[in-house]
Amino acid sequence: MDAPKMEVKCGVDTCQYYKNHMCYASQIEVNPMRSKAKTSDETCCTTFRPQQS
Ligand code: SF4
């Protein structure tokens, strides 16, 4: 099976990988914010890096 390739839409406009509602990181990592996430509110993009000013 080929490695997954997908576009990631994102609304976190304070991230340095964000541009025009899309993510430009080469890959991202999303993790649960507690042991077993049950809703999307309990997941978190840990690739986020704040924009440098
Ligand atoms: S790294 Fe995460 S927060 Fe940053 S643009 Fe990509 S998906 Fe959004």
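Colleague: Where should I start, and how are the residues numbered?
Modeller: Numbering runs from 1 along each chain as its sequence is written. The model is predicted, so to speak of local features a pLDDT of at least 70 is needed, side-chain atom pairs count only at pLDDT 80 or more, and totals for chains, interfaces and linings use all residues.

Colleague: How many helices and strands are there?
Modeller: The protein has 0 helices and 4 strands. Both are DSSP runs numbered from the N terminus, helices being H or I with at least four residues and strands E with at least two. The pattern along the sequence is β-β-β-β.

Colleague: What is the radius of gyration?
Modeller: The protein has 13 Å, whereas a compact globule of 53 residues would have a value near 10 Å. The radius is taken over C-alpha atoms, and the globule rule is 2.2 Å times the number of residues to the power 0.38. The C-alpha trace spans about 35 × 35 × 15 Å along its principal axes.

Colleague: And what share of the residues is buried?
Modeller: Buried residues are 2% of the 53. A residue is buried if 20 or more other C-beta atoms, placed from the backbone, lie within 10 Å of its own, exposed if 12 or fewer, and partly exposed in between.

Colleague: Changing topic, which residues surround the ligand?
Modeller: The surrounding residues are V8, C10, V12, C15, Y17, Y18, C23, A25, I28, C45, T47 and F48. To be near a molecule or strand, a residue needs its C-beta atom, placed from the backbone, within 6 Å of it.

Colleague: What classes are in that shell?
Modeller: The shell has 11 nonpolar residues, 1 polar residue and no charged ones. Ala, Val, Leu, Ile, Met, Phe, Trp, Tyr, Cys and Pro count as nonpolar, Asp, Glu, Lys and Arg as charged, and the others, Gly among them, as polar.

Colleague: Take Y18 from that list; where is it, and what does it touch?
Modeller: Y18 is found in strand β1. Beyond residues up to four places away in sequence, Y18 touches C10, V12, D13 and C23; contact requires C-beta atoms, placed from the backbone, within 7 Å.

Colleague: Why is Y18 classed as partly exposed?
Modeller: Y18 is partly exposed because 18 other C-beta atoms lie within 10 Å.

Key:
Two residues are in contact if their C-beta atoms, placed from the backbone, lie within 7 Å.
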